[in-house]
Amino acid sequence: MPLAYYSVAAEREFWTEHWGEYSVEELLAIARTSPLTTLILGARPAAGPVLEAGCGLGQYVLLLRERGCPALGVDWSREALLACRRVAPAPLAAMELRSLAVRDGVFAAYISLGVVEHDPAGPDAILSEARRVLAPGGVALVSVPG
């Protein structure tokens, strides 16, 4: 099932082109000073792995890892993930967010920034999968445009 980005069909090729307009370094520099980062750091549990679902170029995965957090990222754009790995080693994988290839209840936090709104079927399948992979008492941080 294709995703929708506003009124543009957003197949895998769209995201490859979209993320190609940015650099990992540029987005990481923005993340280091973003108020969103303060929110993420304040809301995540003190211990346990964090999954960023739909991580794109992985700037938040890299930022969290810089700060000692065991963060992992998944996205369906292999090119975006490879761009991140060229900047810094990070555990990244290409996955479909509606069916993550991970065990139940393994993550202390699930972060997804500006992703769930792109599924034309709605966010239910992605959010259900987020719940499945979160540990009991885990935290989900999901943003959508206002």
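Here are some questions and answers about this predicted model.

Reader: Let's start with helix α5. Which of its residues are buried, and why do they line one face of the helix?

Author: Happy to start there: helix α5 covers residues 78–87. Looking down its axis, the buried residues fall within an arc of 155 degrees, so they line one face of the helix. An α-helix has 3.6 residues a turn, so residues three or four places apart point the same way. The buried residues are Ala80, Leu81, Ala83 and Cys84.

Reader: And which exposed residues does the face of α5 turned away from its buried side carry?

Author: The buried side of α5 holds Ala80, Leu81, Ala83 and Cys84. Turned away from that side is a face with the exposed residues Arg78 and Arg86.

Reader: What is Arg44 in contact with, leaving aside neighbours within four places in sequence?

Author: Contact here means heavy atoms within 4.5 Å. With those sequence neighbours set aside, Arg44 is in contact with Val50, Leu64, Cys69 and Ala109.

Reader: How many residues of strand β6 are buried?

Author: Strand β6 runs over residues 107–113 and is mostly covered. The strand pairs with β3 in the parallel sense over three bridges, and Glu52 stands opposite Ile111 in β6. As for burial in β6, the count is seven of seven.

Reader: What kind of unit do β6, helix α6 and β7 make?

Author: β6 and β7 (residues 134–143) pair in the parallel sense over six bridges. Within this pairing, Ser112 stands opposite Val142 in β7. Together with helix α6 (residues 124–133), the two strands make a β-α-β unit, and that unit is right-handed.

Reader: Last one: why does Tyr22 count as partly exposed?

Author: Tyr22 has its place in the loop between α1 (12–19) and α2 (24–33). Partly exposed lies between the cut-offs of 20% for buried and 50% for exposed. Tyr22 counts as partly exposed because its relative accessibility is 35%.

Reader: Which residues does Tyr22 touch, not counting those up to four places away in sequence?

Author: The C-alpha atoms of Tyr22 and Leu57 are separated by 8.4 Å, although the two are 35 residues apart along the chain. Beyond its sequence neighbours, Tyr22 touches Leu27 and Leu57.

Notes. Residues numbered from 1 in each chain as written. Predicted model: local features only at pLDDT ≥ 70, side-chain atom pairs only at ≥ 80, totals over all residues. Heavy atoms only, no water. Buried < 20%, exposed > 50% of the residue type's maximum accessible area, 1.4 Å probe, protein only. Helix = DSSP H or I, 4+ residues; strand = E, 2+ residues; numbered from the N terminus. Arc of directions from axis to C-beta. Pairing = 2+ DSSP bridges. Right-handed = clockwise from strand over helix to strand, strands pointing away.
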